[in-house]
Amino acid sequence: MIPLMKNAFLNEVETKKALADFILNAPRLSMDIKCLEFEKKFSLFQKRKEAILFNSGGSANLAIMQALKNLGRLKDKDKVGFSALTWSTNVMPILQLGFEPVAVDCSVKTLNVMVESLDRVHKKEKLKAFFLTNVLGLVGDLNLIKEYCEKENIILIEDNCEALGTEIPSGKAGNFSVASSFSFFVAHHMSTIEGGMVCTDDTELAIMLRIVRANGWDRNLTSHQQIDIRRKYDISNEFEAKYTFYDLGYNLRPTEITGFLGTYQLQFLDENIKTREKNFLHFEEIIKTNPDFLPVEHSHISLLSSFAIPIVCKTPELREKYIAQFTGGGIEIRPMIAGNIQRQPFYHKYVKNRMELPETEFLHFNSFYCGNYPELTEIEIEAISSCLTNY
Ligand SMILES: Cc1ncc(COP(=O)(O)O)c(C=O)c1O
């Protein structure tokens, strides 16, 4: 069996030993200095001013939407576009917080939203925000989407949970928006078991994200930020401040284990991304020679931090054939994320407004993916390659 992902951690044995040691000696395990250290290191890695650590990527997505609402940048019933090919907890906060979700079609060529389909939707629906997903480590025309959103006054948010490390010449995926989310769940590029991050250059938003993350209080703000918010709300002493709750929030806090693991795993990330890209290019060579497949376009990407290997077949019948080939070969596979999300039961239950999504619909029925990670052995790479062959 070749699973979607083998290990919880990069350099698994060494990391588990270091983790055991950390737990034995740490003075405190709830959110503290290790989380701050990881946030600092991650913001340097990502080249963003602020990084705010969460207990999952889904929590990071929820917190972004709540923070934008608390700040009044998004209001009840505002229309929020999103990539039709995405994960459930990208779309669910749009619904949970009273906005109207509008699906935007993803291209068969890049698996991602391209500016033309965003434009088509925006002309009709007048979006207030667009929650873009960078799918499986690939990206669409991020420069054009950013420019378009600036021109049209659309708040651009990136779900970068599947594209940590991917770069185009003008910057890293996750840096084209007001805020971007990351996931450190086990099957992702690096893992803290469960965990997530939000990156932003917007200090006002970062302050609100820290308030949203922990109960609506100000305890995780800097002392200057605390002075400002306490002055604004006339909170005159520390005793009162301890239990003052300024805006709507949750408990989405990570633990020191998250902070420790993130800091530790970050040192192996660059190497891991290189191997993922190398594997991707190897499998792509085989995909390109097989007329049953449509290769994915990525010539605009300068560093491809592949999350998984997408396999796009020309017809649903061919997909059946290759699913059988992979399953028979003992290779774990998945549908193309949530497929056309408009087909999901939760979407049917809560959303009336359906969009035409011809390309996402094609991907729904014609594609799937298998894992790509640095621990794949030569023999396993060979086994996957052989399943990609037209027999
Ligand atoms: C695009 C995307 N967004 C969000 C998430 C949620 O991340 P988590 O599992 O850390 O909550 C995932 C999970 O795989 C994802 O693929």
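How much area do domain 1 and domain 2 bury between them? The two domains bury about 3500 Å², with 68% of it on carbon and sulfur atoms; buried area is the accessible area (1.4 Å probe) that two parts lose on being put together, summed over both. Within the part that domain 1 buries against domain 2, V108, L136 and H189 supply 20%, more than any other three residues.

The model is predicted: local features need pLDDT of at least 70, side-chain atom pairs count only at pLDDT 80 or more, and totals for chains, interfaces and linings use all residues. Residues are numbered from 1 along each chain as its sequence is written, and side-chain values use heavy atoms, leaving out hydrogens and water.

Domain 1 covers 12-266 and domain 2 covers 269-387, with bounds from an automatic or database domain assignment. Their centres, taken over C-alpha atoms, are 25 Å apart. To the contact (heavy atoms within 4.5 Å), domain 1 gives 44 residues and domain 2 gives 42 residues.

Across this interface, zero salt bridges are found, a salt bridge being a side-chain nitrogen of Lys or Arg within 4 Å of a carboxyl oxygen of Asp or Glu.

The ligand is surrounded by 14 residues, the closest being G57, G58, D159, E162 and S183; a residue counts if one of its heavy atoms lies within 4 Å. Distances to an oxygen atom of the ligand follow.

| Residue | Atom of the residue | Distance to a ligand oxygen atom |
|---|---|---|
| G58 | backbone N or O | 2.8 Å |
| E162 | polar side-chain atom | 2.6 Å |
| H188 | polar side-chain atom | 3.0 Å |

Terms used:
A polar contact is a pair of N or O atoms within 3.5 Å; within protein, one must be able to donate a hydrogen and the other to accept it, and residues adjacent in sequence count only if both atoms are side-chain atoms.
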